[in-house]
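Subject: Structure handover

Hi,

Here is the structure I promised to pass on to you. Please have it open while you read, as my notes follow below.

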Amino acid sequence: MRCAVLTLFPDMVAPVLGQSILKRAQEKGLLDVTVKNLRDYTFDRHKTADDVPYGGGAGMVMKAEPVLQAVDALCASHPEAALRVIMPSPQGRPFTQALAQSLAKDDRLLVFVCGHYEGMDERVNVALCPEQISVGDYVLTGGELAALVMIDAAARLVPNVLGDAASAAEESFTEGLLEYPHYTRPAEVRGMAVPEVLVSGHHEVIRLWRRKEALRNTYLKRPDLLRDRELGSEDRRLLSEVMQESLVQVPVR
Ligand code: ADE
């Protein structure tokens with residue numbers, strides 16, 4: 001997976017990429033991210049990257065030319081690569097796991113154009129037709145954190161990025177559902193015991209317990225995820241047990 005992040009604030013981005021799994025993915029050659037400072041594509045003495053809005057009003061607007069120059073420079077330095085230009089924006093289509101999967105699989109150079117301040121000169125949209133993507137219905141100070149969210153969610157889906165190959169496989173087991181609860185040693189923490197079934201050594205019983213708890217989490221916390229899902233017969237049985245168990249017990253007088 002290859003990305004470039006165009007930003008006025010490279011220090012909001014680069015340190016995050018230098019940690020943990022994203023760092024290792026880059027060391028292993030599975031992920032390549034370059035961070036470009038848009039100020040390096042300004043050509044006046046003061047390196048002006050933003051200006052007051054035409055028509056007046058509060059705030060500053062990012063100038064179009066530094067972004068367009070930076071994209072031109074990427075095209076020149078990656079002559080063999082097609083570009084997929086993404087603009088993080090609260091106006092964009094919602095970022096989902098499916099979109100993360102599509103970024104992870106894309107062999108184009110993923111170019112994240114990060115806006116900051118009040119916004120970006122509209123001619124960037126006209127010239128580049130970026131895919132606008134939102135990471136949620138709230139407004140961030142800029143696109144940098146949103147770009148990192150997308151890179152992180154996509155990179156972990158690139159084969160071999162997750163150290164333990166089982167992590168990804170395990171997750172596909174509960175694809176579209178919330179995860180089941182996890183426990184590690186010791187068996188008792190402040191009087192709270194690990195569920196008996198997990199120390200039973202019965203793989204099939206453990207599998208069923210995990211499946212049921214994933215269904216329970218999803219039913220209780222995100223029932224919308226179950227609404228349009230075709231469930232198999234085992235899931236239907238487990239879910240009906242969950243629903244029975246979550247019925248409020250009204251005392252009968
Ligand atoms: N920039 C500001 N807010 C954003 C959001 N919610 N998603 C993506 N980019 C943003």
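This is a predicted model: local features need pLDDT of at least 70, side-chain atom pairs count only at pLDDT 80 or more; totals for chains, interfaces and linings use all residues.

**Backbone details**

R190 sits in the loop between β9 and β10 (192-193). Its phi is near 50°, which is a positive value in a residue other than glycine. K47 also has a phi near 50°, again positive and again not in a glycine. You will find K47 in the loop between β2 (32-37) and β3 (50-51). With 39% relative accessibility, K47 counts as partly exposed.

There is a cis peptide bond as well, joining R185 and P186, with omega at about 5°. P186 belongs to the loop between α7 (165-173) and β9 (188-189).

**Salt bridges**

The count of salt bridges comes to 15. R216 is in helix α8 and E245 in helix α10, so here the parts tied together are 29 residues apart in sequence.

How exposed are the residues of the first pair? E245 counts as partly exposed, at 44% relative accessibility. K212, in contrast, is buried, because its relative accessible area of 13% falls under 20%. Both belong to a network of salt bridges that links K212, E213, R216, R237, E241 and E245.

Elsewhere, the side chains of D121 and R123 meet in a salt bridge of 2.6 Å, N to O. D121 counts as buried, with a relative accessibility of 17%.

**The second largest pocket**

This pocket has a volume of about 480 Å³. It is lined by 24 residues, of which P88, S89, P90, E118 and G119 are the closest to its centre. Which strands supply at least two residues each to this lining? They are β5 (83-94), β7 (119-120) and β8 (131-134). β5 gives the most, with five residues. Sorted by class, the lining of the second largest pocket has 10 nonpolar, 12 polar and two charged residues.

C129 is in the loop between α5 (123-128) and β8. Its relative accessible area is 63%, so C129 is exposed. C129 and I86 are 43 residues apart in sequence, yet their C-alpha atoms are 8.8 Å apart in space.

On the surface, Y138, L140 and L145 form a nonpolar patch, and together they have about 280 Å² of accessible area. One of them, L145, is found in helix α6 (residues 144-155). L145 counts as partly exposed, at 42% relative accessibility.

Best wishes

Note on methods:
Residues are numbered from 1 along each chain as its sequence is written. Side-chain values use heavy atoms; hydrogens and water are left out. Patches are made of residues with over 30% relative accessible area and no salt bridge: like charges are joined within 9 Å, nonpolar side chains (Val, Leu, Ile, Met, Phe, Trp, Tyr) within 5 Å. Accessible areas come from the Shrake-Rupley method with a 1.4 Å probe; for residues, only the protein chains shown count as cover. A salt bridge is a side-chain nitrogen of Lys or Arg within 4 Å of a carboxyl oxygen of Asp or Glu. Helices (H or I, at least four residues) and strands (E, at least two) are DSSP runs, numbered from the N terminus. Buried means under 20% relative accessible area, exposed over 50%, partly exposed in between (1.4 Å probe, protein chains only). On a 1 Å grid over the protein atoms alone, a cavity is a set of points where a 1.4 Å probe fits but cannot get out, and a pocket is an open set with protein on both sides within 12 Å along at least five of seven lines; lining residues have an atom within 4 Å of a point. Grid points are joined across faces, edges and corners, and a volume is the space filled by probe spheres set on the points. Ala, Val, Leu, Ile, Met, Phe, Trp, Tyr, Cys and Pro count as nonpolar, Asp, Glu, Lys and Arg as charged, and the others, Gly among them, as polar.
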